[in-house]
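Student: I would like to go through this model step by step and ask, for each label, what it rests on. Could we begin once the structure is in view?

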Amino acid sequence: MRTYPALLSLLAFSAFAEPAVFHGADLKQGEQLIAEHKCAACHAQKAGGDGSAIYRPQGRISNAAFLRGMVEQCNTELNLGMFPEEVTSVAAVLNRDHYHFTK
Ligand code: HEC
């Protein structure tokens, strides 16, 4: 069982690579909500292309909690009516695809 400690540290690493705020987030639901609320369509009008240039990991958003807060703000301002766990799902998908925050 020489590989066992190596496997354990690998598992520990992947647990840390996912920010705690996104733990257990429903990524499938997040993807559906992003499509449903036409996030990309509106962002494309402002940023061009497919709209993903609006997501700036190097910009003012600097961690997972901040990212989630930003999605919550859009949710409120645009009256999207998402539940808190839906906001979390959406933010988790944006993190997976664009921001890659580990905390
Ligand atoms: C009606 C238009 C519109 C819709 C719909 C919209 N957004 Fe946005 N969003 C914007 C604009 C405009 C900005 C840029 C604000 C700025 O930087 O001045 C923005 C910025 C953002 C940012 C910050 C990007 C960054 O890194 O600074 C996030 C995150 C975001 N939107 C998420 C969402 C999500 C998720 C949805 C769908 C649930 C959504 N938005 C729907 C217009 C929209």
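Student: Why is Asn-79 called exposed?

Tutor: In this predicted model, Asn-79 has a relative accessible area of 69%, and because exposed means over 50%, the label applies to Asn-79. Asn-79 is found in the loop between H4 and H5.

Student: What makes the phi of Asn-79 worth a remark?

Tutor: Phi of Asn-79 is near 55°, a positive value in a residue other than glycine.

Student: Which label, buried or exposed, does His-100 receive, and on what value?

Tutor: His-100 has a relative accessible area of 53%, and since exposed begins over 50%, His-100 is called exposed. His-100 belongs to the segment after H5, and its phi, about 60°, is positive although the residue is not a glycine.

Student: What makes a set of residues the largest nonpolar core here, and which of them have the most contacts inside it?

Tutor: Membership requires buried residues of the nonpolar kinds, joined through side-chain atoms within 4.5 Å; the largest such set has 19 residues, and Leu-67, Val-71, Leu-94 and Tyr-99 have the most contacts inside it. Helix H2 (27-36), helix H4 (64-77) and helix H5 (84-99) each supply at least two residues of this core, and H5 gives the most, with seven residues.

Student: Which residues does Leu-67 touch, leaving aside those up to four places away in sequence?

Tutor: With contact taken as heavy atoms within 4.5 Å, Leu-67 touches Phe-22, Ile-61, Ala-91, Leu-94, Asn-95, Tyr-99 and Phe-101.

Student: Which residues come nearest to the ligand, and which helix gives the largest share of the shell?

Tutor: Of the 19 residues around the ligand, Cys-39, Cys-42, His-43, Arg-56 and Tyr-99 come nearest. Helix H3 (39-47), H4 and H5 each supply at least two residues of the shell, and the largest share, four residues, comes from H3. The space that the ligand takes is the largest pocket.

Technical notes: Residues numbered from 1 in each chain as written. Predicted model: local features only at pLDDT ≥ 70, side-chain atom pairs only at ≥ 80, totals over all residues. Heavy atoms only, no water. Buried < 20%, exposed > 50% of the residue type's maximum accessible area, 1.4 Å probe, protein only. Near = heavy atom within 4 Å. 1 Å grid on protein atoms, 1.4 Å probe; cavity = no way out; pocket = protein on both sides within 12 Å on 5 of 7 lines; lining within 4 Å. Sits in = over half its atoms within 2 Å of the grid points.
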